Amino acid sequence: MQSTTIPPFNPPVSFPSNLPRFAPTIRHFPPPSKLRVPTAMASTPFGLAVRSRTEAAPSGTGTDGLCTLTDFVGKGGIGLGDDLVLLLTHIQYACKRIAALVASPFSSDLQNPAGLAVGSERDAPKPLDIVSNEIILSSLRNSGKVAVMASEEDDEPVWIRDDGPFVVVTDPLDGSRNIDASIPTGTIFGVYKRLVELDNLPREEKAVLNSLQSGTKLLAAGYVLYSSATILCASFGSGTHAFTLDHSTGDFILTHPHIKIPPRGQIYSVNDARYFDWPEGLRRYIDTIRQGKGKNPKKYSARYICSLVADLHRTLLYGGVAMNPRDHLRLVYEANPLSLLVEQAGGRGSDGKHRILSLQPGKLHQRLPLFLGSMEDMEELESYGDVQQKVNPGYEV
């Protein structure tokens, strides 16, 4: 089959027109030969060594020995099917545009439109999270494969097309308040099948119900970390894998196949300035592990970025637990997709009492506490019982 190139598109959003653009390509491969994916050391085009603490990856690599995200999910790799491969191609394209946007010298102007001299309020640039939301929506429209998109930035889901086979939920730009300080940010997404049994319902009703599916029904989930590297970490139901953006080619390259979170870490990630608002159980847990008096005799260290994607990415690689104990994070857009990634890596996602993926969302913007991490650390944390913060005085930071 011939290569199909998706041309660049221009959604009606207000950001500089001279940002880098990448036109993704879908490549269909013949039956895979047993080409090798480097599992220990891979050389990047810049001569840097990338080490992966991982297992062997599936076939589907290119002749240069590297495996792109499109290779990985396509017919030469795990074979997700043409529709889902096309959707993922558009999602990664949108995330490349967001990566270029957050790294551009214009990002602070977009984040703080009040500081700009403009002719009218209508002409003012939109905040970065809204711009990111529009980039993703435009990309999903262009894929032709999405029925509805539910976003943290929208009050209600957006119905896109009646025959789209998929539903996408997303937090377009997690941690956007950190942009001015150049702290890592991220995009979170989840993909479900459209519930065809709801097709005869009114559009608004079926849009909501399609978006309120249990996390156990996720076909795919992922996040994109915008940091010193741009990393797309995803699960398609058979492990968790991370791909690093090669800026010289515009490809996401498989660098961490089959991530396995350590059974126990030595790091906890939480804003412990809120210590005195925590319940007794959570305070006892943190006090215990900090002193090395828990099930792990080593003293734990605190690492907290205040960017959910960044804190989770570190936790996946090094182990431990990342948490927000108050009713703050959204089940649909954040907790469900990230819990799937953690579970597929051998860890656990919990609200402090229950497995996240077992919870049935009741409303689109439902909030809850979120605890993600190594299996043994999570079991020890939950054994303290009272770990959900109910006191919420309304923090400004």
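Helices (H or I, at least four residues) and strands (E, at least two) are DSSP runs, numbered from the N terminus. The model is predicted: local features need pLDDT of at least 70, side-chain atom pairs count only at pLDDT 80 or more, and totals for chains, interfaces and linings use all residues. Residues are numbered from 1 along each chain as its sequence is written, and side-chain values use heavy atoms, with hydrogens and water left out.

**View A. The whole protein chain.** The protein chain has 9 helices and 17 strands. Of its 397 residues, 57% count as buried. Buried means under 20% relative accessible area, exposed over 50%, and partly exposed in between (1.4 Å probe, protein chains only). Contact means heavy atoms within 4.5 Å. Among contacts between residues at least 6 apart in sequence, 64% join residues at least 24 apart.

**View B. V191 in strand β8.** Strand β8 covers residues 185–193 and holds V191. V191 is buried, at 0% relative accessibility. With neighbours within four places in sequence left aside, V191 is in contact with L84, L87, I91, F166, V167, V168, L218, L219 and A220. P337 is 146 residues from V191 along the chain, yet their C-alpha atoms are separated by 8.6 Å.

**View C. Helix α8 and the residue after it.** Helix α8 (residues 331–344) is mostly covered, with 12 of its 14 residues buried. The buried residues include L331, Y333, E334, N336, P337 and L341. G346 follows α8 and has a positive phi, near 95 degrees.

**View D. Helix α6 against helix α9.** The axes of α6 (residues 280–290) and α9 (residues 375–382) come within 9 Å and cross at roughly 135 degrees. That makes α6 oblique to α9. Axes are lines fitted to C-alpha atoms, for helices over the stretch in contact, and angles run from 0 to 180 degrees between N-to-C directions. Angles under 35 degrees count as roughly parallel, over 145 as roughly antiparallel, 65 to 115 as roughly perpendicular and the rest as oblique. L282, Y285 and I289 of α6 meet D377, E380 and L381 of α9. By class, this contact has 4 nonpolar, no polar and 2 charged residues. Ala, Val, Leu, Ile, Met, Phe, Trp, Tyr, Cys and Pro count as nonpolar, Asp, Glu, Lys and Arg as charged, and the others, Gly among them, as polar.

**View E. The F72 and F236 rings.** Rings of Phe, Tyr and Trp (its six-membered ring) pair if their centres lie within 6.5 Å; planes under 30 degrees apart count as stacked, over 60 as edge-to-face and the rest as tilted. The count by this rule is 5 aromatic pairs. In one of them, F72 and F236 have ring centres 6.3 Å apart and planes at 40 degrees, so the pair is tilted. F72 lies in helix α1 (residues 69–73) and F236 in the loop between β10 (230–235) and β11 (240–246), so the pair ties together parts 164 residues apart in sequence. F72 is buried, with a relative accessible area of 1%. F236 is buried too, at 10%. F72, F236 and F243 form one aromatic cluster.

View F. Y275 is buried at 16% relative accessibility, whereas F276 is exposed at 73%. R283 lies over the face of Y275, at 5.9 Å from the ring centre. A charge sits over a ring if NZ of Lys or CZ of Arg is within 6 Å of the ring centre and within 35 degrees of the ring normal.
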